[in-house]
Structures are given as C-alpha cells and as structure tokens.
Protein chains: 2
Amino acid sequence: MEKEFSLIGKRVPRVDSLSRVTGDVQFAADLKLPRMLAGKIKRSPLAHARILHIDTSRAERLKGVKAVVTGQDTAGVKWGVFRYTQDMDFLPRDKVRYFGEEIAAVAAVDEETALEALDLIDVDLEELPAVYDPIEAMASEGPWIHENYPNNVNVHVNIDVGDIEKGFSESSLIREDTFTAAEDDYFMGEPYAVVARFDDDGNLEIWMPNAGPHMKSKPLSNALQMPLHKVKVRKIAIGGAFGGRSEISPADYICALLARKSGRPVRIVYTREENTVNVRMGHALITTIKTGVDREGKVLARDITCYMDGGAYSSTGPIATSVPFLCMEQAYRMDNVRYNGYRIFTNKPIRGMIRMHGRSFACGIDLQLDMLAEELGIDPVTMRLRNARQAGEYTPTGSYVSSCGLTECIEKAALKSGWREKYGKLPPWRGIGIGINSVQTGFPLGIRGGSQAIIKFNEDGGVTLISGVVDNGQGNDNMLVQVVAEELGLSMDEVTLITADTEVTPNDPGSYSMVTTFAGGNAARLAAVDARNKLFAIAAKALEANPRDLMLKDKKIFVAGSPDRFIPLKKAVRMGLIQGSPVSGEGHYAPKVDHTREWVKNPQGQLSEAFSFGATIAEVEVDPETGMVKALEVTAAQDCGFALNPMLVEGQFEGSVAMGGQGGMLTEYHSWDGGRCLNPTQLEYKVPLACDMPRINNIIVESLDPAGPYGAKEAGMSIAMSAAQAYAAAISNAIGVTLTDFPMTPEKILKAIEEKHQEQR
Amino acid sequence: MEKEFSLIGKRVPRVDSLSRVTGDVQFAADLKLPRMLAGKIKRSPLAHARILHIDTSRAERLKGVKAVVTGQDTAGVKWGVFRYTQDMDFLPRDKVRYFGEEIAAVAAVDEETALEALDLIDVDLEELPAVYDPIEAMASEGPWIHENYPNNVNVHVNIDVGDIEKGFSESSLIREDTFTAAEDDYFMGEPYAVVARFDDDGNLEIWMPNAGPHMKSKPLSNALQMPLHKVKVRKIAIGGAFGGRSEISPADYICALLARKSGRPVRIVYTREENTVNVRMGHALITTIKTGVDREGKVLARDITCYMDGGAYSSTGPIATSVPFLCMEQAYRMDNVRYNGYRIFTNKPIRGMIRMHGRSFACGIDLQLDMLAEELGIDPVTMRLRNARQAGEYTPTGSYVSSCGLTECIEKAALKSGWREKYGKLPPWRGIGIGINSVQTGFPLGIRGGSQAIIKFNEDGGVTLISGVVDNGQGNDNMLVQVVAEELGLSMDEVTLITADTEVTPNDPGSYSMVTTFAGGNAARLAAVDARNKLFAIAAKALEANPRDLMLKDKKIFVAGSPDRFIPLKKAVRMGLIQGSPVSGEGHYAPKVDHTREWVKNPQGQLSEAFSFGATIAEVEVDPETGMVKALEVTAAQDCGFALNPMLVEGQFEGSVAMGGQGGMLTEYHSWDGGRCLNPTQLEYKVPLACDMPRINNIIVESLDPAGPYGAKEAGMSIAMSAAQAYAAAISNAIGVTLTDFPMTPEKILKAIEEKHQEQR
C-alpha cells in the first residue's frame, strides 16, 4: 500500500495481554455478587423420553434451597436460530430428546446444597425408542424425534448449478467415494458459566462467555417475556468460542429464571462434561462425492450428497448444512455441480455452529482430487492450480469474488515447503499433502448484520470507542484499538474500549461468521474518520488552512507539506469543548450481501462481501508399528487481504494448524455408547498440546480486498480447514492408502496398513 | 405553547422512584468489592500547625493494616478549582490549616483495625497562632495562613458600574446597614463515601457521590499522576449535593492512594462529623449595604462591601465572592452600583460552593429595601415592582436578560398570599414578608461548559441515551428520559439511561450552577432530533413521502395530516439495521456566555444564557414568650421558563422553602469553639423536618426562554434564596424590629423584642 501506517500492519502486542498473563482478567465463573446463589441443572438420564411428572417438593424443603424450576416455570417459548427452526425448549415440559438435556434446576446457598437438591427432585420419565445413527433415523417410520419433521430430516439443502449429467458425460475420469467423520468438539479452555441478577426495577444483568451479546439478549427477552431493553448482557472475558459461544444457552435462561424466582443473583458454572455435552459440537458427516475431470484434471462435474448427524435439535442446522458446500465452491471453480445436504435429527447432543463447519467434507473433496490426480499422473499442486478460484469470478451460487490470492497461496506454500523436491521422493512412511480452502468474511443475517461504532474524544486528547464488537480471545479488542489509534494519530493506550454490552454498545453481528474485522473494523475506522473530520474543521480555522490539506500524526494536526504549521491534537479537542463543539464520531458498516434469513436454505446471490483463501501443506511421518503420526512441518499460506497485525494473524494460523490439523485430523473425536458421550473430559478427548506441534511456516498473502478495512478479510479459518485436508493427504501419501474415515487415528492407520499389506501379499 | 406534548409539561412520576422507595438503590457506602479494605483518615487536632514529623511505623506493624499513607506518599500536586487558586494539598506535608484537616490515612481489613491504627500514628506538630475571625485575619500582620496571600485576603472582587456618587447625590433617601450571618451547611442525607479500585492494567475505578464526574476525574488524574483515561469515575446514587458534591475531596485522592499502595479495593465512609467539617460549608458573611433611592423608591445607587469567611483554603472562592452580587444585580435594576467582595482565609473548615451562595447577602438587600420602603411609605411589594428586572434589559455587568417573569412572580405571589389584605393588617406577633431573587441557569467555566448526548436505537425500537449528566436527587435522570421519550414518541420505560461515567459518557458540566436542564436537556433533545431525522429518512422512502412531512408519535411515523399513512417506529429501526444504516443521534449544547475561567474575578459580559426569577412571600407567627417562629403559609412563585415536569418543579420549590426559609433562616447555623465546630451532627444542627413545614403555595411562572429546552430554565434555587429573604422580612414585620444577624434564632428574636420593649419604655 502507498500510505504509510504507524500501527496498522505492525506487530503490535495485544492490549489485553497483561491482564491475561497476570490472571487479573475476570471470566464469568470468577464473578462474585453479594448474596449470590449457586445454580445446578438436573439432566435427563435417558436419550429419549416423555416427561410424565416432576416432583420438586422434597428439593424445595431442603435447607439452603432458594428456588427450584422446571418446564412448568417457563412461558414455553421455543428457541431456534431461525424463525422456522424454533423447536427447542430451554426447559422442556413434555419430552427430552438427548441424554443430558435440561429437566429442572436449583439455586441454593452453595453448590453442595444445590447438588443435594438435584437428587431430591423426583422425575417420572417414560422411555421412548431412541435413534443414534442418521441413516437409521432417516429410515425410521416414526415416531419421529420431532413430530413435524418426517423421517427425522431436519434440513435439506439442494443446490443444482449447470448440467452435471453433461459434465459427467464429457469427463474422461470419474470417481465416486464416500467419506465419514465423527463429531468434532470445541474444547474451550473455559467451561461455560453464567451469572444473572435482577434489580428492583426488573432489569436483568447477565454475564456469560458469548460471541455476540446482541444475539443473546433478544432470545432471552423472548423466553423471559421481558422487554429487550431490560435484558442487559454485560461484557466479560471469554476463554475461547470457536463457534460454540454464539447461540443462546439453556443455562442463560435457567440462570435468569432462578434469579427471578429466588430474588437473588445466581451463578451456574458448567462442569467440563456439561460443557462438552450441553454446549453444541460439530456434526458427524457421511459424504458421498462423485467427481468427473478432464484429462488435464479440470473438474467438469461434481455431485455431492452429505448426511449430517444434527443431534436432537435444529440449532444452526440450515447454516451447518450449506456452509461446507459453500466453502468448497468458493475455493474450486466448477461449472456443473449438484449438492444435496441433509441434516438429520438423532437422540444425541445438539450440533451447532463450529469453526470448520464440515472439515471432513472438505477433506473428502481434496482426498478424492488427489486420487484423481494420481490416476491422471498429475501432481496434486498442479491439480489444484488448474482448478483454483481466481479474483473476478463468480461462485456457482452467484457470489462475486472481489479479491483472491489462492493461486499465490498454493505457489508460495509449495515453494516454502519444498513440495517439488519432496512429493513422491520422500523416504518410506513419510508423506506430504496439500489442502486448499476458502472461508466467508461474514455471512450476515437479518438485522444483526452490520456494526456501528461511536467515538468520543476526552478532554486529555484520548478517545473512548463504543462498539458492539466482542473479543473471544482472537484479539478483536486489539484490532479496534489499533484501527482507531491509527486513524486518530494516537498511541494505543490512549484508546479506551467499551464493547460487548447490549445496553451501551450499538448493533454488531457478534464475533460470528468471521465478520468482525470486516464489519466492526470498518465501522470503527469510519467513526475515527468522522471524528478526525471534526477535528480538522476545528484545526483548519486555527491554522487558517483548508481542512482537506490537513494531516494527523503523532498527536499533531498539521498542514500537509508544512509540518511546522500544526496544532497539538489535544488543543484542537479542547478548542472543540470550549467552542461547544465536542469532537465525536460515528461509523457503521454492513457487508454488502444479497441474502436474508431464508438465504441459508437456498443460497443464491452474494453470500459474503469478501472471501479468504488458504493453502496448507503438511509433511508427516507415520510409525508403521504403532500407527502414530508425527507432523514434521506445516506450511500455512493464507490470503487474509491485509494483515492488520501480522503477529495476531500468525497466531491465528498456528492455532488453526493445532485445531484443524493436529487435533482435528489426528486425535479429536467423540465416541459413544448409544446417546452417551464416552469422552467428555480432557482426560479422554485429546486436544493437542504445544509440545505436540510441528514446525509451522506462516505465509501471509495480501490481496487487498477493496471493501475490507485497509484491505483486510478473514484470517485463520481457511488454514484451520486446509490444515485438516493437508494432514489427511499427507498421511494417505505416507502410508499409500487413502483413508476415508476421520480423524485418522492410529487404529485406523494400522488397520489400513495391515489391509494393504494383506492385499499386496 | 402551540405544540402539543405527550410527556413534556406533564406530572410524570420519576423513573427512579421505585428503587429509592424499596431501598434497592446503591450508594457508595453500600458498595462491596471482593477483598475490599476499610479506609480511615487521621485528622489534625490543631487549627494551625507545622508538621514536624509523622511516624507510621507502629501503625504499619499492626496486624490487619495493609497500607498507611502520609503527605510523603503524595506527588505534592496542589488542588484548586482554578489555576490561580491551587493552594491545597489533599494530604499536606508541611502545614495543617484547620482543625480536622487530613494528616495521614490507613487501609485495614476492617474499620476497627483502621481506627486502632490511626491512634498508633505518631504526629509531631508545632502549633501556630490561629485566627478564626475574618476581620481579625485581615488585620493580621502575619504570618499569614498562606504565605502568598497578604493579610489573608484570598479573593477581592471589585465591580464598579455607573456613577454611585452621582446616584447617591440624587437620592432622596439613603440608608447604610450591616448584616451578618453564620455559616450554613448542606447536611446531605448521605455522608460522604468513596470506593476506589485499581485493576492490573493500572486503571482506577472510583465511586463517590459527585455532582460532576468529569470534574472529579481530571484533578484525580493530576494528583495521582495518571493519564486521565485511566481514571474512571463511575455512576453511583447520590444522597443530596446542594453544591457540596461538586469539588474533588481529599478522601477521593486518599482512597485511591490507599488502594494503589495496598493493591486492594478501599472504601472510606465519612462519619457525620467528617461530612460536616471536611466537606465544605457555606461562607459566613459580613455585608455592609448603602442604598440610595428616589421618592418613588427607585434605587439610584448602591455600594456594597462584603467580607466572607473562607476558611483555610481557596476552594471555589472566586465564585463564592462574586455570585451573591450577581444574583442581586440580576433581580434588581440598578444604574449605579459598586461592589467590593473580600474572601478571607481563617483557620476554620473550608467554605465552598453551596446552593444559595450568599443567602444572607440577599436578605440584607431585601431587609434594607423594606426599611427604605417603610420610611417612604411605600408597600414592599410595590417597592419591588418598581425595581424589578424586566426581560430585554442588561444587568449592570452586561448580561442580556432574554426572558424574565419576575413581575408576574411578584404579582401572582402577592395575590395568592393575600398580601394586600394582610400587610400591615395582621394581628400582633404575626408578620408577612416578601423576598425576590434571581439565579443563573448555568455559568459554565472553560472546557466543561457544554454537554453532549448520544442516542442509539435498539432493535426493539427502544433507545439508549448516553449523557454525562448527573442526578443528585433532583430528578435529572427523569428529565433526560422525559425529553428523549417526548422527541422520539416513546414511552419513558423504553429509554435506557447511561449517565455520569467518565469512561463512557461524553462531556458535561456536571450538576452544577443550575445548568443541567439547560445544557444537558438541550443536548439530549438535539440528539433525539438527530436520531429522529434519520428515522424520517428511512421512513420517507418506505412511505414515499417527504421526510419534512413526517411526524412521530405513539411509536408511529406518519405523514402529517394522513395518520393512516404510517410505519411503526420499530419497523423503521429494523429497516435501518437491515439496510446497514443503524439509527443513532448526537446532540450537544453549550450555553452562550462570554466568560472564561478569569471571568469570575472580573465579571463582564454575558454570565449565563438565561436567568430564573423568584418571589416568595412568607407569613409567620412569633411567640413573644419564647421567640419561637411558626411559619404559617409560604407562597413561592418562580419563573422557571417552562416546567418540564411540574411535579418535580414543585418538589424543588418545597425543598427550597425548607432549606432556604425554614432551615436557613430559623435554625441552621454552625457554632464554634475557636476552629472547632460545636454542632457537626444531626443532634445539634437542626434541619427542618416535614412536620415543621408550613403550608406552601406553589406558583409556576413560564416565560419560555428562547434558548432553554422547550423554554425551560433553572427551577427552585431562586425560591431557596427568596424564601430566606421572605422569612427574614416576615419575622421583622411580626416583631417590628429588623434583625440584622442571621439566622433569626429564638434567642436573637427574644433579645430584639426585649430591646425594643426597653426602648419603648
């Protein structure tokens, strides 16, 4: 870029580092309010059952118990992300649909008493037949898990572009493969916690880890039958979200209900098991992909059918059903493509939004492409370059791609990883693989798509920024500060942030769908520009200059070209105050997209205003005796538009390799006994540690998106996706067998080696 | 007014009534923070002394003591309201100047330990000669209380307008009288309390009853040597201010210092004695007034000399020295006038801003006018009508009076009270008297003169208002809500307030100098109008109408004259969000005045943009045996421009009669033993109770000031002033002697009756 920045594009330490390192930062579970009670939730011991009767009288009589609630205490308002998916009770009255579902709750003077009271609640359940497999669930002739969803099909997304029959008929090579994957999990560092308090005027204050305060307040107000403005979702530190802190939680509602009934503040802190089972997880997938290519490896037709295990409720089902396809169609050119995505209800915990929606879907696409490439004798990197999306093109469903550095990502990753020297030339049991992907920079839905920011100058020349943006840990707070300080010529510690509070901060989509830097960053930048213009109007008079000739840097407003003709920023601020024209600014930005809430079911037109692209190459070594995989080196290249803070972008890349590749493809999955999760805790669910990680090469590609703030787009997620694909490809390359069931655990690898060995004999 | 209002001008119950009535409201002393310590202050046992040595080692060793601070822990930054009056240490190092001044402080795990530790601090003081009388202090040849103020004269304000010698020479009657008055006190319901907490990033959060958060944060940041944006003064309920919660308190600084040193939150709660002695009080006054009038009673010349006992430090000395004169010159026409006001240092507690600055000064003016009237055979009401200020005139120091209903106030009060039937015709020991006065509607100083407000619409169609305005108990919060709800066609509970927090709210003068409705109300109104214009722009498109033809009422935006062509307000708000144009608004208002910080020492030009005027008539009965006064009926008429909420305005009138008349002229004063206040508690300082109050007739006069919001100006204070005058006049009328020493206690009344009796014999 031509313009010289002071802070933007620099490796600036995060503004919130100190409090995180010292432990001063407060999470919801750290909150202590006077007279606060401990809340605990009684959960279903069955995966599917009718609730016949709940007797709370023994629990209520226990000393120290201040409130007991059941479905009878609710207004019966059902929750759903979309108007047409409102199928979940926060506290069901009639039926439970998964093991661990909420049945009742207690608030007591301490946790021990609350737990004791839970045991005193007598629940009379009538067990119903349960189904745990999506294919079986579809075959069921009823009774269905939700009466109004025949064959337990929750969502069906059908996309049909071009003429796939023609495409297949023109193909010189066609493959059809099926890929399966278990559930993946977020495993946030912080188990869910919520604190609720009512004041005498009937206002509810509520704190919880949440990726979108404004997305929480509305359903809470509906369910509690309170005016929205009386529900005040407050800012509190968040220990990781990954998609799992976006949707409202039954715990939020139950906590508020207990606070209202007891007349005292209530805190609910989830156990690790509850955080696993009752928060959401990623969908388990069965994906059949049929792809036809020409002799050069160009994809001529693709037909995909995907079955997703959605668990017991809709949650974000429509999004989860379309997004895996959308990521794929963004990354790969295709004229003829058909997609049938089915989300199926089962009696398992609810699956929802997760970073890397359909990771295994993408892995299938790439693994199959490698198999096609091998049959055609084409190098996988060349295969991808021939099919890679280019800027200026439209996706099959009609999104214009304004910027795209995918080819550059592939080429740079190949160069840095030594692909040409390594592919096909590595020693035995070593493998190298590539994955590419693309992610939306926000797919805003309805009224909460845009972000707004307000700036006020304080009398000392510093500013306060009021923004709805939320920071889940990725550094959004820092991003806001960096942008505002840059535009106003301030140092970062002169920017005070007020964020993520529904009472004081304006609209924002939340830290959801990778939109924050794009919408929230643009809004903050525009607010700063607005304030700067007001400063310039004041300074222009004092300097007898044209406001358009003024510049602002290092706390001085000066005439461009005449750095000696200046007034200090602080002086201009004070002049504004004395003249009765206080300096403030407002900015707002809403991504330019076509869709509405109906869009997710039938994608057409502009999905996102910008798209990020990533290519990851992984090199691994497999121990043929144990099936253990050691990742040696991972090269992650992403077009994030422009790196506002390369240090944070690289942090995203590295976390993405850990989550998507190292954890997602090697060790992380849930195992089940019917509807019961067998590995809900850290002991059994294996999240990679720092010592597990390979060497990572970070490559930032900057395509400068025309609409992004300073050209910035989403950063990190297309690495999380493509890292999974690269690991899968590298392992398959190392053992000479393409595994089709994810993640690729030692057992599966050993079994594949064994089978191959037997075949060869 | 032509326009029909929904809420403005209506008797609307206050938005904060419920929490006040139920006790849910939190004052600073109610705040409990985890690990909070109790702070206590060691105070000087001498009225004037040099600090030789302070040994804190014994206190520090006491178990439970977490921090001890003395002047040695401070940066030595001196405090003064003005740059030229910075003469006070929050914790002195060298010298103490009044009995009770801060010497050291302790933070300990509980109050008992803190008190015990205070006794273990060894203070070595060298007593200095002290002076307690302003006249003696002026006569002193040194050493002076402050070395740089010769003869202990702190402030001298000299105003000389016209030609008083000529005026006197043309007068047909001249009187010269001297009036004296003891200190008056605020006696807030809530003793001062402050809570301070530092976070790990070095930010200070601080809560205290304060009339102007932005006026507190700056001196705190100076004294603590911290950037302003790290000092966050938070909102907390306030139990009365009356001028005594405007200035920064040493307790604020000491509490922050203890919190910093101990690393824990600290709370200091004043005893009632501390709240009396260490908060400020009103000045004691000695006023000599020489007035010349013509045969019709028109004042031709006035020469006034006033000595004010300022106590040990400057505080708001320059304001206190000029304001009594300014109130007088606003109410009464005068061509030729001279004023010499002296504020004198003594070794007594500090006197500062107080509602009714110079109440006794005004009483002198009015009592003397009555004596002149009597000599001329003119009725006191007629006397006042002949000298009363009229709209369109300039005051002697040059303020244009844009609106003035004083004549109407006098006439209506006279009519309602039955003046013509009663004056001179009442039975023995009954009396009736009138006082008139005028008050500024704000005299904004420097950068904190203007107010700014920001409005954001929430998705449910309600709004959040962000404003720096503070509510001391008079109903400012309600005023803001009423104004915003009116302009946006909302009900009051749809307006959420964020106020009085230096981090989030923009500039505001504070609830000081009667400016809040004028500046803060105008700013809120303009912000609402700005937001409404944005709503109209959105609605105009939808309605295919001109935005200028639109109206907003009862949550509907409709085309004027076609009430059926409308869209619901909420829909327009949601359309804005969907279109990426969220509806918000900004408004600011700074009263148009001439002066700067130097102004108070040399008043010239426009002092305030608007002035309120009041006339009070009191009827009393004196018991000649005991000297006790019983107020029978008080008629209070004030021109407040426009009564935004008549219920609150009348509440102000009634409180004003209690404070100014019943308490201020009958029972409230401090008595002294040298520098030691003898009546610091409720037991000895007699504040009137509800059962003491007379029947009050409230008369609201509305002159519709062109600049005030809806025409509104200050409400209440010119009743507080004129009630004192009316009581004084009524008592003098009842006993046939004009008392010249205030307040008029039974002893003084009995003595006057006795002396008159002896004279007559």
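**Entry 1. A helix over a sheet in chain B**

I began with helix H3 (residues 111–119) of chain B, which lies across S1, S3 and strand S5 (102–108) of chain B. Its course runs at about 25° to S1(B). I note at the outset that the model is predicted.

I then looked up the sheet to which these strands belong. It is an open sheet of seven strands in chain B, in the order S3-S5-S1-S12-S9-S10-S11, and the pairing is mixed. Which strands of chain B form the edges? I found strand S3 (65–70) at one edge and strand S11 (231–234) at the other, each pairing on one side only. From one strand to the next, the twist averages 20°.

**Entry 2. One pair of strands**

Within this sheet I followed strand S1 (residues 37–43) of chain B to strand S12 (residues 266–269) of chain B. The two pair in the parallel sense, over three bridges. I recorded one position in particular: B:Gly39 stands opposite B:Ile268 in S12(B).

**Entry 3. Two helices in chain A**

I turned to helix H9 (residues 317–331) and helix H10 (residues 359–376) of chain A. I recorded the crossing of H9(A) and H10(A) as right-handed.

Which residues meet at this contact? From H9(A) I listed A:Pro324, A:Cys327 and A:Met328, and from H10(A) A:Phe361, A:Ala362 and A:Ile365. The contact of H9(A) with H10(A) divides into six nonpolar residues, no polar and no charged.

**Entry 4. Where the chains touch**

I next examined how chain B touches chain A, and found 42 residues of chain B in contact with 43 residues of chain A. On the side of chain B, at least two residues each come from helix H1 (17–22), strand S17 (451–457), strand S18 (463–467), strand S19 (495–499), helix H16 (569–578) and strand S23 (584–589). I sorted the residues of that side into 14 nonpolar, 15 polar and 13 charged.

**Entry 5. How the copies are related**

Lastly, I looked up the relation between the two chains. A rotation of 180°, with 0.0 Å of shift along its axis, superposes chain B on chain A with an RMSD of 0.0 Å. The same surface serves both copies, since 100% of the contact residues of chain B recur in chain A.

Note on methods
Residues are numbered from 1 along each chain as its sequence is written. Chains are lettered from A and ligands numbered from 1 in the order in which they are written. This is a predicted model: local features need pLDDT of at least 70, side-chain atom pairs count only at pLDDT 80 or more; totals for chains, interfaces and linings use all residues. Two residues are in contact if their C-beta atoms, placed from the backbone, lie within 7 Å. Helices (H or I, at least four residues) and strands (E, at least two) are DSSP runs, numbered from the N terminus. Ala, Val, Leu, Ile, Met, Phe, Trp, Tyr, Cys and Pro count as nonpolar, Asp, Glu, Lys and Arg as charged, and the others, Gly among them, as polar. Axes are lines fitted to C-alpha atoms, for helices over the stretch in contact, and angles run from 0 to 180 degrees between N-to-C directions. A crossing is left-handed if the near helix is turned anticlockwise from the far one by less than a right angle, and right-handed if clockwise. Two strands pair if DSSP finds at least two bridges between them. Copies are superposed by least squares on the C-alpha atoms of residues with pLDDT of at least 70 in both.
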